[in-house]
Amino acid sequence: MLSSVVFQSEVWSGWSSAVIESMSHAQDDGVPNKGTAILLARNTSYSGSVYDKLEAGMECNCIKRFVGANVDSKGVEVSSKSKGQVQKELAEFLTECTHGIVVVEGIESFGSDSLSPLHNAMSEQGGLTYNGTNVPGWNAKYILTLNVPMEEGLQNSEDLVKQVVKQSLVERLGAGSFALAFRRRIDYVGLGRI
């Protein structure tokens, strides 16, 4: 499933194995833990959709794309999504698909405030409250993308990619305490297929 959207090379084979292992295990004994969160850096010139590739390779329909903007009938962005809109969409999806895959393409298009429901769902023992009901988020898998200019040779160092991409995420989310907390929710940082 992930091989269609993740950069493949010998350097990244251990990373890919760890991510696949993490995503394939359900929580033991029903004890809440934390959903796996993956941040994929994508070259700014990349125009493919992670969601489309994942959906095409899946046998179930428990995958949902989240975007940071509302669009009109012509597909033109008209406003940013509010915190309430994101929470409602995420809670409805997680209610139907507790082990679903949440794909957030272009996380930089979200405002910090509208990302707080996602942050809450990705947290340890995380979840949301929706219509007076607790909706767990800890069994879901989260795949986020961030458009980052790729430098030559960057793909040869897992540690360098992690450092550069997480720093870019913090800068784009405003470098405050929320940005730092959101960064800590990310379990894996990798390169999207270029």
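Before you start clicking, know that the model is predicted: local features need pLDDT of at least 70, side-chain atom pairs count only at pLDDT 80 or more, and totals for chains, interfaces and linings use all residues. Residues are numbered from 1 along each chain as its sequence is written, and side-chain values use heavy atoms, with hydrogens and water left out.

**Stop 1: Ser 116**

Select Ser 116, which sits in helix 4 (residues 112-122). Helices here are DSSP runs of H or I with at least four residues, strands are runs of E with at least two, and both are numbered from the N terminus. Buried means under 20% relative accessible area, exposed means over 50%, and partly exposed lies in between (1.4 Å probe, protein chains only).

Now show Lys 83 and Phe 178: setting aside neighbours within four places in sequence, these are the contacts of Ser 116 (contact means heavy atoms within 4.5 Å).

**Stop 2: the salt bridges**

Begin with Arg 65 and Glu 105, whose side chains form a salt bridge at 3.8 Å, N to O. Arg 65 belongs to strand 2 (residues 63-66) and Glu 105 to the loop between strand 5 (101-104) and helix 4, so this pair ties together parts 40 residues apart in sequence. Arg 65 is partly exposed at 31% relative accessibility, while Glu 105 is buried at 13%.

Next, select Lys 88 and Glu 92, a salt bridge at 3.0 Å, N to O. They are 4 residues apart in helix 3 (residues 83-96), so about one helical turn separates them. Lys 88 is partly exposed, at 41%, and Glu 92 is partly exposed, at 32%.

Finish with Arg 185 and Glu 124, a salt bridge whose closest N and O atoms are 3.5 Å apart. Look for Arg 185 in the loop between helix 6 (177-184) and strand 9 (188-191), and for Glu 124 in the loop between helix 4 and strand 6 (127-130); the pair links distant parts of the chain, 61 residues apart. Arg 185 is buried at 15% relative accessibility, whereas Glu 124 is partly exposed at 47%.

Key: Salt bridge = Lys/Arg side-chain N within 4 Å of Asp/Glu carboxyl O.
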